[in-house]
Amino acid sequence: MAAEVARLIGLLDDDSTEIAEDAKVDLISIGSEVLQPLVAAVGSLDPYGQLSAVEAFEHLGDAAAGGALIDLLGSEHATVRERSAWAACGRSARSAARPG
């Protein structure tokens, strides 16, 4: 499964947005198993791949993505910074709303 996850992460940078979107959906459908490899790879992705990773982090909603989202706030691409900030804020709000 690790090889398939790595392949899908690589496809987030595909020139075809259709292929990249399909890869994102497939990663999300695999679930939390993709988080660590995606966190490790997100900094090396192109902006579109980074945005796709942020969407995956939002869907998977795991604390493991927090550091990667914070790192993306330093991106040279405004859209990546903005989406990362919103995702990080959304995670914080969900965490704060959880009882106990």
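The model is predicted, and local features need pLDDT of at least 70, side-chain atom pairs count only at pLDDT 80 or more, and totals for chains, interfaces and linings use all residues. Residues are numbered from 1 along each chain as its sequence is written, and side-chain values use heavy atoms, with hydrogens and water left out.

**Overall fold and confidence**

The protein has 6 helices and 0 strands, where helices (H or I, at least four residues) and strands (E, at least two) are DSSP runs numbered from the N terminus. The mean pLDDT (the predictor's confidence in each residue, from 0 to 100) is 90, and 90% of the residues reach 70 or more. Over residues 92-98, however, pLDDT stays under 50, and the model has 3 contacts beyond four places in sequence for them; a contact means heavy atoms within 4.5 Å.

The radius of gyration is 13 Å, which agrees with the value near 13 Å for a compact globule of 100 residues. This radius is taken over C-alpha atoms, and the globule rule is 2.2 Å times the number of residues to the power 0.38. Of the 100 residues, 34% are buried, that is, under 20% relative accessible area, with exposed meaning over 50% and partly exposed in between (1.4 Å probe, protein chains only). Among contacts with a separation of 6 or more, 58% join residues 24 or more positions apart.

The expected span below is 1.5 Å times one less than the number of residues.

| Helix | Residues | Span, first to last C-alpha | Expected span |
|---|---|---|---|
| α2 | 17-30 (14 residues) | 20 Å | 20 Å |
| α4 | 47-60 (14 residues) | 20 Å | 20 Å |

In α2, the buried residues are Ala20, Ala23, Lys24 and Leu27. They lie on the same side of α2 because they cover an arc of only 100° around the axis, the arc being that of the directions from the helix axis to the C-beta atoms. The cover over these buried residues includes α1 (2-11) and α4. Glu18 and Ser29 are exposed on the face turned away from the buried side. Gly31 follows α2 with a positive phi, near 100°.

Buried residues of α4 include Leu51, Val54 and Phe57. Just after α4, Gly61 has a positive phi of about 55°.

**Ser84**

Ser84 belongs to helix α6 (residues 78-97) and counts as buried because its relative accessibility is 0%. A polar atom of the Ser84 side chain lies 2.8 Å from the backbone oxygen of Val80. Leaving aside residues up to four places away in sequence, Ser84 touches Val54, Leu69, Leu72 and Leu73. Val54 is itself one of the buried residues of α4.

Note on methods:
Polar contact = N/O pair within 3.5 Å; in protein donor to acceptor, adjacent residues only side chain to side chain.
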